[in-house]
Protein chains: 4
Amino acid sequence: MTEDNKYHFTIEIGVRDYELDSEGIVNNAVYQHYLEHARHQFLCKVGYSFAQMEAEGLTPVVSRVEINYKSSLRSGDVAVCRLWIERKGIRFVFHQDIYNKATGALAVQAIVTSVVVKNGWPTRGEQLAEFFKDYLS
Amino acid sequence: MTEDNKYHFTIEIGVRDYELDSEGIVNNAVYQHYLEHARHQFLCKVGYSFAQMEAEGLTPVVSRVEINYKSSLRSGDVAVCRLWIERKGIRFVFHQDIYNKATGALAVQAIVTSVVVKNGWPTRGEQLAEFFKDYLS
Amino acid sequence: MTEDNKYHFTIEIGVRDYELDSEGIVNNAVYQHYLEHARHQFLCKVGYSFAQMEAEGLTPVVSRVEINYKSSLRSGDVAVCRLWIERKGIRFVFHQDIYNKATGALAVQAIVTSVVVKNGWPTRGEQLAEFFKDYLS
Amino acid sequence: MTEDNKYHFTIEIGVRDYELDSEGIVNNAVYQHYLEHARHQFLCKVGYSFAQMEAEGLTPVVSRVEINYKSSLRSGDVAVCRLWIERKGIRFVFHQDIYNKATGALAVQAIVTSVVVKNGWPTRGEQLAEFFKDYLS
């Protein structure tokens with residue numbers, strides 16, 4: 001868990017037993033839930049929220065997800081979800097890594113690209129960028 | 001699978017592997033998804049839909065669920081979801097049974113009670129009752 | 001939130017946005033996940049765990065669920081999940097209530113009945129009862 | 001929906017209302033369920049199954065997922081899930097596209113890479129390749 005200082009946000013999510021599949025490991029799709037939850041909590045941390053964006057007619061839309069599965073999480077494990085962001089044109093790119101708290105092993109390495117949509121059209125995302133300004137270089 | 005004639009609607013739902021839990025059986029909560037899906041498909045069959053109700057400002061709200069788990073479903077099984085309805089005052093009561101298609105065994109026996117809400121208040125559900133009129137004695 | 005002293009265990013579960021349905025409220029089936037997670041965490045608290053039971057060839061099987069839905073949870077809400085247990089013959093009965101942390105309102109009132117199964121047969125559950133002995137009068 | 005002949009397998013999956021999120025569209029993570037279900041059904045079509053592989057001590061493990069989200073699916077939509085496979089060394093690469101049945105629009109474009117694991121170690125996947133031999137050039 002080196003290079004800690006590259007991350008902008010960290011939350012811990014305890015594995016819940018209903019998230020396991022028949023192999024006794026966290027199902028692949030569940031990590032997308034963890035990743036989404038981490039992004040939404042990061043949004044809350046900067047003083048914004050998904051619900052508030054929706055109320056303002058702004059919808060953050062995920063356009064692309066890349067996930068590399070490195071090791072499995074199991075019953076009793078805690079997922080340490082860390083992320084850092086960058087802005088590329090109108091896109092917000094979330095670099096998200098998930099570690100096994102007990103072992104420090106990397107479980108998942110993901111890159112999630114999103115765009116803010118208004119009335120069905122992509123926007124430049126200026127409002128969201130304002131909330132993220134401390135993290136966008 | 002006797003007393004077939006008591007049911008108003010039947011759909012088959014194939015078990016998907018991600019619905020299994022670490023014991024290799026369909027997770028308890030997944031049956032509520034099957035039950036909900038069966039009710040929504042029944043609504044479609046009578047010419048209505050959940051989306052249409054929402055568009056009209058009507059929300060069918062589940063107020064109570066009783067589920068008896070009789071036997072487990074596993075990978076490869078097909079859930080035969082059957083239901084019949086009755087009206088009790090403002091409540092619509094769905095009697096829902098799920099069978100294992102291959103064996104005929106009863107997997108789940110459920111009673112789901114719902115009310116139609118408008119602007120936060122329960123209604124008499126006359127509009128929904130109209131769509132169900134062939135089934136309500 | 002009177003009668004606090006009747007509960008044996010309490011955990012808080014923050015609502016995650018992916019748990020909402022198209023009405024913007026926590027989907028009915030998700031509460032079964034909260035209820036299951038609360039029971040499994042209670043098991044951990046008494047020094048046991050679902051994974052350990054499985055490793056010993058014991059499977060806690062839910063035979064019946066009753067859920068009364070009282071009010072909805074939404075984005076940003078925290079579910080306060082409380083439970084107390086009683087033993088009725090071979091059955092372990094979990095009385096589980098979920099409150100909205102911010103308002104104190106009761107969201108869900110549930111009774112979950114389970115039995116410990118070994119090699120496909122119900123057992124008297126003596127081993128589990130031993131872990132729960134401080135709570136079973 | 002051109003280039004139909006590149007696909008090895010197609011199944012249709014009807015959207016279920018509980019799969020929608022608060023925006024009224026299918027939640028991003030749900031597509032991974034559709035993609036997994038399509039792969040598992042393809043496995044059944046060639047005479048094998050996920051459950052059988054597990055019984056033989058073989059575990060197909062997803063090592064990487066890339067998903068491009070092109071357009072949303074909503075209540076009432078049917079997802080047409082199509083795939084073709086190629087083998088790259090020990091990896092099986094599934095090219096999976098999901099179309100909206102009514103409009104023909106591409107909803108999701110995905111590439112899923114997996115490896116067959118035995119006793120915790122990656123294998124060459126010869127047994128799985130044998131089942132897929134008609135599709136691997």
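## Strand pairing within chain A

In this predicted model, strands E2(A) and E5(A) (residues 106–118) pair in the antiparallel sense over eleven bridges. Two strands are taken to pair if DSSP finds at least two bridges between them. Strands themselves are DSSP runs of E with at least two residues, helices are runs of H or I with at least four, and both are numbered from the N terminus. Within this pair, A:Val61 has A:Val115 of E5(A) as its bridge partner.

E5(A) is also joined to strand E4(A) (residues 91–100), by eight bridges, and the two run antiparallel. E4(A) and E5(A) form a hairpin with five residues between them. In that turn, A:Gly104 has a positive phi of about 80°. A further antiparallel partner of E5(A) is strand E6(A) (residues 121–122), joined to E5(A) by two bridges. A:Val117 has A:Pro122 of E6(A) as its bridge partner. The hairpin of E5(A) and E6(A) has two residues between the strands, and A:Asn119 takes a positive phi near 50°.

## Basis of the model

Residues are numbered from 1 along each chain as its sequence is written, and chains are lettered from A and ligands numbered from 1 in the order in which they are written. The model is predicted: local features need pLDDT of at least 70, side-chain atom pairs count only at pLDDT 80 or more, and totals for chains, interfaces and linings use all residues.

## Overall form of chain A

Chain A contains three helices and six strands. Along the sequence they follow the pattern β-α-α-β-β-β-β-β-α.

Taken along the principal axes, the C-alpha atoms of chain A fill a box of roughly 40 × 30 × 25 Å.

## Contact of chain A with chain D

In the contact between these chains, 15 residues of chain A meet 15 residues of chain D. Residues are in contact if their C-beta atoms, placed from the backbone, lie within 7 Å. On the chain A side, the elements that give two or more residues are helix H1 (28–45) and strand E2 (58–69). The largest share, nine residues, comes from E2(A). By class, the chain A side has five nonpolar, six polar and four charged residues. In this scheme Ala, Val, Leu, Ile, Met, Phe, Trp, Tyr, Cys and Pro count as nonpolar, Asp, Glu, Lys and Arg as charged, and the others, Gly among them, as polar.

E2(A) pairs with E2(D) (residues 58–69) in the antiparallel sense over five bridges. In this pairing A:Glu66 stands opposite D:Glu66.

H1(A) packs against H1(D) (residues 28–45) at an angle of about 170°, with the axes 8 Å apart. The two helices are therefore roughly antiparallel. Axes are lines fitted to C-alpha atoms, for helices over the stretch in contact, and angles run from 0 to 180 degrees between N-to-C directions. Angles under 35 degrees count as roughly parallel, over 145 as roughly antiparallel, 65 to 115 as roughly perpendicular and the rest as oblique.

From H1(A), the contact involves A:Asn28, A:Ala29, A:Gln32, A:His33 and A:Glu36. From H1(D), it involves D:Asn28, D:Ala29, D:Gln32, D:His33 and D:Glu36. The residues of this helix contact divide into two nonpolar, six polar and two charged.

## Chains B and C

The contact of chain C with chain B takes 15 residues from each of the two chains. On the chain C side, helix H1 (28–45) and strand E2 (58–69) are the elements that give two or more residues. E2(C) gives the most, with nine residues. The chain C side divides into five nonpolar, six polar and four charged residues. E2(B) (residues 58–69) and E2(C) pair in the antiparallel sense over five bridges, and B:Val65 stands opposite C:Ile67.

A rotation of 180° with 0.0 Å of shift along its axis superposes chain C on chain B, with an RMSD of 0.0 Å. The two copies are thus related as by a two-fold rotation axis. Copies are superposed by least squares on the C-alpha atoms of residues with pLDDT of at least 70 in both. C:Glu66 is the residue of chain C that comes closest to the rotation axis, at 2.2 Å (C-alpha). Of the interface residues of chain C, 100% are also interface residues in chain B, so the copies meet through the same surface.
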